[in-house]
Amino acid sequence: MKGECTVNGVMTRNTELLEAVEKKLAEEKVQFLLASFSDINGTSRAKLVPSKRLASVCESGAGFAGFAVGDLGHGPTDPDILCIPDLSSLTILPWQKDLAWFAGTLTEDGTPWSYCPRTILLNVMERAKGMGYEMKTGVEPEFFLLNQDEKGEISPSDPFDVAKKPCYNQQALMRNYDFLSTLIKYMDDLEWGVSQADHEDANGQFEVNFNFADVLTSADRLTFFKYMIRNMAEERNLVATFMPKPFSHLTGNGCHMHLSLWNGEQNLFESDGDLRGLSDTAYYFIGGILKHARALAAIVCPTVNSYKRLSALSTSSGATWAPNHISYGGNNRTQLVRIPEAGRIEFRAMDNNANPYLAAAAILSAGLDGIENEIDPNLIISDNSVLVESI
């Protein structure tokens, strides 16, 4: 039936919304759609669909041979998995306005597919909702812009970016003005609310900060952000990498996640009666993260290269800025869980090799366990940190 689709991941027959999206696509002269989903490793998979087929793909899905995709629970004899676009994730490409991207949720035989990373996150979100919580997140994905020579050797794309402490270097920032300003304009077109961009601690490394949102929207945006950065780099004959540790002597790429729990307009992590501005709920959430830190590491730091970032002893700048202990503290960037200000915490172990949906689902699950069991992360014993144990 026309109108079958997903909205924020929930199957619905919202004909009115479908018609509104179809109208917008026609007004914006969008000719094609990317029906996209994330595989277990966080790689985007997609099919190109004519925009006039939106209703059809919402009803029947874009079919994929699951075994060809990778570890999604399928063998070569299994039927197709179907990608159902989430209409609420409509993203018209700022650099190619005749093309729109949709985050999709996988189904098989008309039911949600349990191996779909986005479905896994949606299930955890539903559990949190039943407890009266909605998680909101903001992510900070770091990336390098590189040149690659004929031998495959990589180096920072800016040959003048050689300072031992290049973080926030104005000259290096401005030499990359074209790339960064174009990126910010694209993100503004998408109404993501960019706050700032900077040169990070490693040569050739950058970060762009944008507004927090509900956890599903943030995961969708991170997925699209990585695609957008790589596309922009390829257009300029550059290589963009989110690899956790591409250079042994330079600071690695993290993807720090700022998070809080809400009930409607109320931030449940905030408290006026605490030195750090956190509620008991926030501390229990931290307790859950610390309790499950080792298990979380397998999901938020999923590759060997991830641990080269976490266990690096030194860099040319003098610090790695990556957590390697199960710890939390105040405004201290070496902690696993940092408390930058009242009402939110920052989880600093995650890197960009993580699947955005699985990482968010795992972090939320760990925090909910902390709340349910009132896990005390221990009182802060110094101004900097509470050290629990090594990862």
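Me: How many salt bridges are there between domain 1 and domain 2?

Reply: This is a predicted model, where local features need pLDDT of at least 70, side-chain atom pairs count only at pLDDT 80 or more, and totals for chains, interfaces and linings use all residues. Residues are numbered from 1 along each chain as its sequence is written, and side-chain values use heavy atoms, with hydrogens and water left out. A salt bridge here is a side-chain nitrogen of Lys or Arg within 4 Å of a carboxyl oxygen of Asp or Glu. Between domain 1 and domain 2, the count is one.

Me: Which strands each supply at least two residues of the side of domain 1 that touches domain 2?

Reply: An automatic or database assignment sets the domain bounds, giving domain 1 (9-115) and domain 2 (126-373). Strands are DSSP E runs of at least two residues, numbered from the N terminus. On the domain 1 side, the ones you want are S3 (32-38), S7 (91-92) and S8 (99-108).

Me: Which three residues supply 47% of the area that domain 1 buries against domain 2?

Reply: Buried area is the accessible area (1.4 Å probe) that two parts lose on being put together, summed over both. Domain 1 and domain 2 bury about 1,300 Å² between them, with 69% of it on carbon and sulfur atoms. That 47% share, more than any other three residues give, comes from Pro94, Trp95 and Trp101.

Terms used: Helix = DSSP H or I, 4+ residues; strand = E, 2+ residues; numbered from the N terminus.
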